[in-house]
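Trainee: I've got the structure open and I'd like to know what the labels rest on. Can we go through them one at a time?

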Amino acid sequence: MNLGSVTRYLEGEAIENDEKTKVGNLPPRFIEKFVMKGIKVDLIEPGRIVCSMKVQPHLLNAGKFLHGGAMATVVDLIGTAAIYTNVDSDQSEGVSVEINVSYLDAAFLDEELEIESRALRVGKAVAVASVELRRKKNGKIIAQGRHTKYLAPRPKL
């Protein structure tokens, strides 16, 4: 890629099927809907969520396997959901403090994945969740993540 192409890519311009697209034209919170499309909740209980998903074509990277950014987004969103199963109503939604993901294997188009998240700690100000993405057919771990959130108290007005 030449420098001009890299600049256009980073600034949100791309040529796709001879059409110029702008990232700025996407709706708010687009990434959540984009990545979570097709997620099915199989089990939900306090502190634990198990979901399944089929790897969709729009989540593949240039190597034709599940994009690391999509996996990190799953760790963020499903980790947050597991935390919220244990959050008191007087706590706010919180903000991410840290997310880390270890990518252990690749997942390919139409492969069935199981995602399990557990709230490891939900305190007054900090919550931590673990998230594993596994191949549904054999349980092999694709990625393992940990998500830490700051849970600010809701203002009392």
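Trainee: Which element gives the largest share of the lining of the second largest pocket?

Mentor: Helix 3 does, with 4 residues. Keep in mind that we're looking at a predicted model. Helix 3 (68-84) and strand 5 (95-103) each put at least two residues into that lining.

Trainee: What is the volume of the second largest pocket, and which residues line it?

Mentor: The volume is about 190 Å³. The lining consists of Arg29, Glu32, Asp76, Leu77, Thr80, Tyr84, Glu93, Gly94, Val95, Ser96 and Lys149.

Trainee: How do the residues of that lining divide into nonpolar, polar and charged?

Mentor: You get 3 nonpolar, 3 polar and 5 charged. Watch the bookkeeping here: Tyr counts as nonpolar, and Gly counts as polar.

Trainee: On to the strands. What makes strand 3 and strand 4 a pair?

Mentor: Pairing takes at least two bridges. Strand 3 (residues 40-45) and strand 4 (residues 48-54) are joined by 5 bridges, so they pair, and they run antiparallel. Lysine 40 stands opposite serine 52 of strand 4. The hairpin of these strands has 2 residues between them, and glycine 47 has a positive phi there, near 85°.

Trainee: Why is serine 52 called buried?

Mentor: The cut-off for buried is under 20% relative accessible area. Serine 52 has 6% relative accessibility, so it counts as buried.

Trainee: What makes the link between the side chains of serine 52 and aspartate 42 a polar contact?

Mentor: The distance limit is 3.5 Å between N or O atoms, with one able to donate a hydrogen and the other to accept it. The two side chains make their polar contact at 3.0 Å, so the distance is within the limit. Leaving aside neighbours within four places in sequence, serine 52 also has contacts that include Gly38, Ile39, Leu113 and Lys136.

Trainee: Arginine 135 has a charged side chain. Is it buried or exposed?

Mentor: Buried: arginine 135 has 9% relative accessibility, and the cut-off is under 20%. This residue belongs to strand 7 (residues 126-135). Beyond four places in sequence, its contacts include Asp105, Glu111, Glu112 and Lys140.

Trainee: What about phi of lysine 64?

Mentor: Phi of lysine 64 is near 70°, a positive value in a residue other than glycine. Lysine 64 is in the loop between strand 4 and helix 3. At 58% relative accessibility, which is over 50%, lysine 64 counts as exposed.

Trainee: Why is aspartate 110 called partly exposed?

Mentor: Its relative accessibility is 46%, which falls between the 20% and 50% cut-offs, so partly exposed is the label. Aspartate 110 is in the loop between strand 5 and strand 6 (112-122). Aspartate 110 is not a glycine, but its phi is positive, at about 70°.

Conventions: Residues are numbered from 1 along each chain as its sequence is written. This is a predicted model: local features need pLDDT of at least 70, side-chain atom pairs count only at pLDDT 80 or more; totals for chains, interfaces and linings use all residues. Side-chain values use heavy atoms; hydrogens and water are left out. On a 1 Å grid over the protein atoms alone, a cavity is a set of points where a 1.4 Å probe fits but cannot get out, and a pocket is an open set with protein on both sides within 12 Å along at least five of seven lines; lining residues have an atom within 4 Å of a point. Grid points are joined across faces, edges and corners, and a volume is the space filled by probe spheres set on the points. Buried means under 20% relative accessible area, exposed over 50%, partly exposed in between (1.4 Å probe, protein chains only). Contact means heavy atoms within 4.5 Å.
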